[in-house]
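Hi,

Here is the structure I said I would pass on. Have a look at it below, and then read on for what turned up.

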Amino acid sequence: DEVQAGAEEVAVKGLNASVKRVVKELERRVKEQEEYTRLHSFRDEFNVPQQILPRIIGRGGENIKRIRSERDVQIDIADKTAPGVPALVKLQGTAEDVAAVKAEILEFAERLADQTSEIISVPANIHRSLIGTGGRYVKRLEEKYAVRIQFPSSRRDNDEEHGAPLGADQIHIRGGRKGVDSAKSELLELAEYEVEHNHTATFSVPASFLPHIVGKAGSHINEIKDESETRIDIADAKEGETTVEITVVGTKGGVKMAREAIEAIVAEQESQVDIVLDVAAKHHRFLIGSGGSRVRDLVTQAGGDPEAMAGPKSCRVQFPRAAENTDQVKLKGDKEIVDKVKQAIEELVAERERMTTITVLIPVSQHAFIIGRGGANLKQLQDEHSTEIHFRSKQHGKSAAGAEDPSLVKISGLPENCEACKLAMLALVREEEKITVPLAVHQRLGGRGGSLWRRVRNEFDVQVDAIRVDKAPASTKTRRIDDDEEKDVVFHDLGNELSGLTAEWVCRGEKAKLAEAIAMINKSLSGADLGVEAAVRVEPRLHRRIIGKQGSNIAKIRDATGCEVTVPKRGDESVWVTVTGERAGVERAIEMIQEAIDDEF
């Protein structure tokens, strides 16, 4: 028969054994359910602020679902309450699970109560720098301060807390108050740094100058980067374009420094010129000068540096080799310097084209005087008048008929300079007058160191030279000393021994002064004491006592007596020291020689 089950009954039909087994299982499960119900009958409830309810529930209820699955607790939330009224949360489950869920929700609520959010404004062009590669920098901030940072590009349209989209310059920071403040501070500091170091200047430069800007292996551009602390990007040169674009990024001052450095290189290269001058080859040697001295002077006078090979103040002047058979002179360097050197060369060439050569008749006997010692007078004349003066060399003189007169002196230069130099040279030409004197007088008073010649030169500015001197017999002196070799002092009368022998003097000077000088010479000759010569026997080892240190003693004797004292040269074993002069002076000189010798002992 069919069994009718009540509302709380379950009917089981089947084989007796099967029915018993099923009934037993059902009874077990009922018992378990009753036990479960008894254990999960614990209830609790509490309130949470309504404004944080969405964060507790989570997106799509994900937080509640998670808690239910982890704790097997039923959670009911009354979310439809009046604004500002706390929401009621009801929990049912085991006492242990309910307590754990309640503690978790309240702790989360407490944390959320401290939550805040803030939107800061930062220029959009530096957002990428703040985010970092792959979001590295922003992730570090989120982890460090337990916050969430959103940029406009990462902002979700359905943000629970701020539904309105972020502006292009806005950044949203959300989290604990302290964390938000710290993250905000660090972001703004970084933003300030990026703004300061994110100044950009983009400009174009001629592509042909890139090698000079970059330098060998990037040496120039790297130096500019290091000094200005900037980033410099050079765009690829496009085909057919003559300029390239350079972008400099860094601080305002750094960008300015880098740009100025690059533009200075451009200006320097733009100032470099390469020009060609046509200069007749006949002028090349003159323009080059001795060892290149004149061309270096031209560069220096133009304000350039003759050692600079390129860049500011440079000017390289290249003359063709003789084998090249060309008149072209190349100038390369700083435009300002090159233009000045070019002008100077053109002016010099123009002058050279006007140059002429004239001759002036100067007695050969006065050439040496006009040239001066070491060519001093000649150099002064050439420098003062910008001319070149050429004297004929004696060894090149010609005696054949029609040969060039050796008295002719050539002057080369500008016509007006040549004429001025000619007048200056003629002004130096002196009147000449010859005079014959006894050889004894010449030996006593003449010669470069002679007292009479010195007096004439000092008082009348008249130059005296010997153009002929008779030669005394070579054996006279030796014979007369040997004849008296037993004596310590031997006197000889020069007037008698040199009788008949003469010397010819030529005097040169201004006409009036020359006449006065000749008169003074004749007067001196008329009363001249021809003097004597004494040979004093002195052992060679004592000669140094007569000479003294650096010739001091012999000079003292000469000055005190007015006599000429001659000591045999070193290596000459002669024992005779000669003294020439007036007898009184000679006798005094002999006394001084004896005193010097006696000091040895």
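To start with the strands: how many bridges join β13 to strand β15? Six, with the two strands running antiparallel. Before the rest, some housekeeping. This is a predicted model, so local features need pLDDT of at least 70 and side-chain atom pairs count only at pLDDT 80 or more, while totals for chains, interfaces and linings use all residues. Residues are numbered from 1 along each chain as its sequence is written, and side-chain values use heavy atoms, with hydrogens and water left out. Helices (H or I, at least four residues) and strands (E, at least two) are DSSP runs, numbered from the N terminus.

**The sheet**

β13 and β15 belong to an open sheet of three strands in the order β13-β15-β14, with antiparallel pairing (two strands pair if DSSP finds at least two bridges between them). At the edges sit β13 (356–361) and β14 (388–390), each of which pairs on one side only. On average, neighbouring strands here are turned by 25° against each other, direction ignored. Axes are lines fitted to C-alpha atoms, for helices over the stretch in contact, and angles run from 0 to 180 degrees between N-to-C directions.

Strand β15 covers residues 408–413. In it, Val409 stands opposite Val360, and Lys410 stands opposite Thr359. Lys410 also has His390 opposite. The pairing of β14 with β15 is antiparallel, over three bridges. Across β13, β14 and β15 lies helix α16 (residues 415–428), running at about 15° to β13; contact means heavy atoms within 4.5 Å.

**Helix α7**

Helix α7 (residues 177–196) has 20 residues and spans 28 Å from first C-alpha to last, close to the 28 Å expected at 1.5 Å a residue. That expected span is 1.5 Å times one less than the number of residues. The buried residues of α7 are Gly179, Val180, Ala183, Glu186, Leu187, Leu190, Ala191 and Glu194. They cover an arc of only 140° around the axis, which puts them on the same side of α7; the arc is that of the directions from the helix axis to the C-beta atoms. Buried means under 20% relative accessible area, exposed over 50%, and partly exposed in between (1.4 Å probe, protein chains only).

What do the buried residues of α7 pack against? The partners are β4 (115–121), α5 (127–131), α6 (136–145), β5 (147–150) and β6 (170–176). On the face turned away from the buried side, α7 carries the exposed residues Lys178, Glu189 and Glu192.

**Salt bridges**

The structure holds 31 salt bridges, counted when a side-chain nitrogen of Lys or Arg is within 4 Å of a carboxyl oxygen of Asp or Glu. A few to look at:

- Arg508 and Glu432 form one, with the closest N and O atoms 2.9 Å apart. Arg508 lies in strand β19 (residues 502–509) and Glu432 in strand β16 (residues 431–438), so the pair ties together parts that are 76 residues apart in sequence. Arg508 is buried at 10% relative accessible area, whereas Glu432 is partly exposed at 34%.
- Glu70 and Arg66 meet at 3.2 Å, N to O. They are four residues apart in helix α3 (residues 62–71), which means about one helical turn separates them.
- Arg321 pairs with Glu324 at 3.7 Å between the closest N and O atoms. Arg321 is exposed at 64% and Glu324 partly exposed at 42%.
- Glu25, Arg28, Arg29 and Glu32 are linked in a network of salt bridges.

Cheers
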